[in-house]
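Biologist: I have a model open on my screen and I'd like to learn how to read it. Can you walk me through it, one feature at a time?

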Amino acid sequence: MRAGSQVMSGVGAAIEVRGLHVAYGGTKVLHGVDLDFAPGSFTALLGSSGCGKTTLLRALSGFVPVLSGSIAVGGKDVAGLPPEKRGMAMVFQSYALWPHMTVLQNIGYGLKLRGASKRDIAAKVCSLLAMLGLAGYEDRKVTAMSGGQRQRVALGRALAVDPGILLLDEPLSNLDAKIRLTMRHEIRAIQQRLGVTTIHVTHDREEAMTMADRLVIMNAGRIAQIGTPEEVYDRPNSAFVANFMGAENVLPVHVVTGAGRTTITAGEARHVLPRERDLALPAGEALAYFRDDAASLDAPDAEPGEDLVVPGRIAARSYPGGLYRYRVEAAGRQLTVDHTIRHEPGAAVGLRIPLSRLHIFPAAQASIQASIPA
Amino acid sequence: MMHLGSALRTALAAFLLAAFAFVLIGPLANLALWSVAERWYTPYKLPVSYGTRYWEQVFRPTGDAMASLGTSVFIAVLTVAVALALSIPAGYALARLRLPARALFMVVFLLPQAFPSVAIYINVARVFYQLGINGTVLGVVLVHAAHGLVYSVWIAAAAFGAVDKDLELAARNIGASPLKTFVSVTLPLAAPGIVASGIFVFLESLDEFTGTFFVGVPQVRTLPLLLYNAAMGGNYQVASITALILLVPSVLFMLFIERFLRADVLAKVGA
């Protein structure tokens, strides 16, 4: 644990982003982003490619100029400062290690810039390498290392300067699946230990959910939703977020509210919500989003109870392992459902979906946002 | 069938190797033969008498060859210095900065190649004469550098362009100023290309004739001028020896390239 005691970091810095507009070569990429990062928090910026998440990170780090808006670090606006004066350290997707330097030179670069002595640099690099599981690699050429090792060196280089803010730009996307899982935990553990404010850009939903305290879902240059992994996953605030977070089945429904009760109609299925349930559903035409594993198969005429049972027909079946995956035609849509019991294609079934697991949004809003592929 | 095929392939390889050796070594052998031929005239296929008389003449302390070689190398080194001093900033600017007239800028460096060199050098000589640098090493260096810049700027731009921008951003990101980033990251990574362009400029300068003839003569006499004089005077022996001397730096530089610049690095130049 001597290594741990030497790797000291200041407490993470707070960031306040206000009304951030950024354009890339005449094209507006960010349309007014407001976002706060608490000191020591781990935030994942999640979104499909082109949503502006990487641009936001690069605007924070000073690599792309800001059109308007402010980026306050610890109360001081840094939006006009060059990258070297912002106190943020980034880990690049491409690692961006300098191939003409050794591991020691790469990690020690920032310390050398700050005028540290050779001995101090060697000691600090040594302890960082121990923390990263690369003890004794000082004199290696970075070109002679594996992807996972390079990623660790890149992380070490960023952490060596004791940054208040750590920026991670899809750092795991070039790694093998197995190493990726290990690195998720390692980065998270190191972040917790050092208390550095961390912003992680990724398009991998699971990566974001498992690593971050808080997710920021971005869509077309705007923030779609901010929340803990549970909030974003279980209570998406828009059709886009529901769809992006994996609720890919879309069922057209009709909602009638009034006289203290709400009625949901989906194809031939009809469900009257009990009086005590108040889901604040939008009235009129709506789209219900649900995950493959939320629904199950039942008899077409089964008693609905608390669920919505939509009659349908099995169109196709596959076996990905553990359970069967069905394509079910119901209410004029093709839906994907996972179920443990084997049914034959063509069989009439009832698609049973618990009401609590339906994410229902007005059709007008949904049709605009859901057209963006997840 | 297999056996015949491999035999054919071996024969073809041997033939190609022999052809290559003939093309490469033939002219050199001819030069070497001429340099030791004291008397050689038609119809004889080989020299009539051999000797080292002309070598002695060239390497005589009072001879022109060694002095010319010194002048040539001196001018070439200065030319490389001038060309690199211009092409490193120019190449970086062309590769990285968004200049409004980037294409125009690139073409300006190509312009000297677009006209017959004699026409240019006569005018250059006239201007230099008015400036008082005609017949000086400075004048010759400037002419050689203008010629070499065509290549060195383009090669340097390619070398800088091949350096991943993220590598620079990574340095800026952890606290390096733009200048520090350039010196510690960009320049070392572009160095193989820059060295290659320097070598190219050096060899071009060593070989240059027309510009030196108009701007340098008679005060500045480089090796190619000596060679030309000897050849014009029908002295093939001295011309051959001069040519062989001119080959030495070229071969040394090829060895340097082979030793220090890997093929994959060289392939990036111009990419």
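Biologist: Let's start with strand pairing. In which sense do strands β3 and β9 of chain A pair, parallel or antiparallel?

Modeller: Strands of a sheet pair through backbone hydrogen bonds, and they can do so in a parallel or an antiparallel way. Keep in mind that this is a predicted model. Here β3 (residues 42-46) and β9 (residues 214-219) of chain A pair in the parallel sense, over 4 bridges. To find one of those bridges on your screen, click on Leu45(A): its partner in β9(A) is Val216(A).

Biologist: Which sheet of chain A do these two belong to, and what is the strand order?

Modeller: The order is β6-β7-β8-β3-β9-β10 in chain A, an open sheet of 6 strands with mixed pairing. At its edges sit β6 and β10 (222-227) of chain A, each of which pairs on one side only. Direction ignored, neighbouring strands in this sheet are turned by 20 degrees against each other on average.

Biologist: Which helix packs on that sheet, and which strands does the helix touch?

Modeller: That's α5(A), which touches β6 and β7 (165-169) of chain A. The direction of α5(A) makes about 180 degrees with that of β6(A).

Biologist: Now further along the chain. How many bridges join β16 and β17 of chain A?

Modeller: There are 7, and the pairing of β16(A) with β17 (residues 323-330) of chain A is antiparallel. Gly321(A) stands opposite Leu323(A) there. The two strands form a hairpin with 1 residue between them, and Gly322(A) in the turn has a positive phi of about 90 degrees.

Biologist: And what does β17(A) do with β18 of chain A?

Modeller: β17(A) runs antiparallel to β18 (residues 333-339) of chain A, again with 7 bridges. One of the pairs is Ala330(A) with Arg333(A). This hairpin has 2 residues between its strands, and Ala331(A) takes a positive phi near 50 degrees.

Biologist: I also see β19 in chain A. Is that strand buried or exposed for the most part?

Modeller: Residues count as buried when 20 or more other C-beta atoms lie within 10 Å of their own. In β19 (residues 348-354) of chain A, 5 of the 7 residues are buried, so this strand is largely enclosed by the rest of the structure. As for its partners, β19(A) pairs antiparallel with β15(A) over 3 bridges, and Ser296(A) stands opposite Arg352(A). β19(A) also pairs antiparallel with β16(A), over 7 bridges, where Gly312(A) stands opposite Val349(A).

Biologist: What about side chains along a strand, where do they point?

Modeller: In a regular strand they alternate between the two faces of the sheet.

Biologist: Let me try a loop residue. Where does Asp301(A) lie?

Modeller: Asp301(A) is in the loop between β15 (296-298) and β16 (307-321) of chain A. Asp301(A) counts as exposed because there are 10 other C-beta atoms within 10 Å, and the cut-off for exposed is 12 or fewer. In sequence Asp301(A) and Ala348(A) are 47 residues apart, while their C-alpha atoms are 9.9 Å apart in space.

Biologist: How would you sum up chain A as a whole?

Modeller: Chain A has 374 residues, and 44% of them count as buried. Its secondary structure comes to 10 helices and 20 strands, and the C-alpha trace spans about 80 × 45 × 40 Å along its principal axes. Looking at contacts between residues at least 6 apart in sequence, 70% join residues at least 24 apart.

Biologist: How many residues does each chain bring to the contact between A and B?

Modeller: Counting residues instead, chain A brings 18 and chain B brings 15. On the chain A side, β6 (88-91), α3 (103-113) and α5 (147-160) each supply at least two residues, and α3(A) gives the most, with 3. By class, that side has 11 nonpolar, 4 polar and 3 charged residues.

Biologist: Last one: into which domains is chain B divided?

Modeller: Domain 1 covers 2-50 and domain 2 covers 62-268 of chain B. Their centres, taken over C-alpha atoms, are 33 Å apart. The contact between them takes 4 residues from domain 1 and 6 residues from domain 2 of chain B. On the domain 1 side, helix α1 (residues 2-35) of chain B has the largest share, 3 residues.

Terms used: Residues numbered from 1 in each chain as written. Chains lettered and ligands numbered in written order. Contact = placed C-beta atoms within 7 Å. Nonpolar A, V, L, I, M, F, W, Y, C, P; charged D, E, K, R; others polar. Domains from an automatic or database assignment. Pairing = 2+ DSSP bridges. Axes fitted to C-alpha atoms, helices over the stretch in contact; angles between N-to-C directions.
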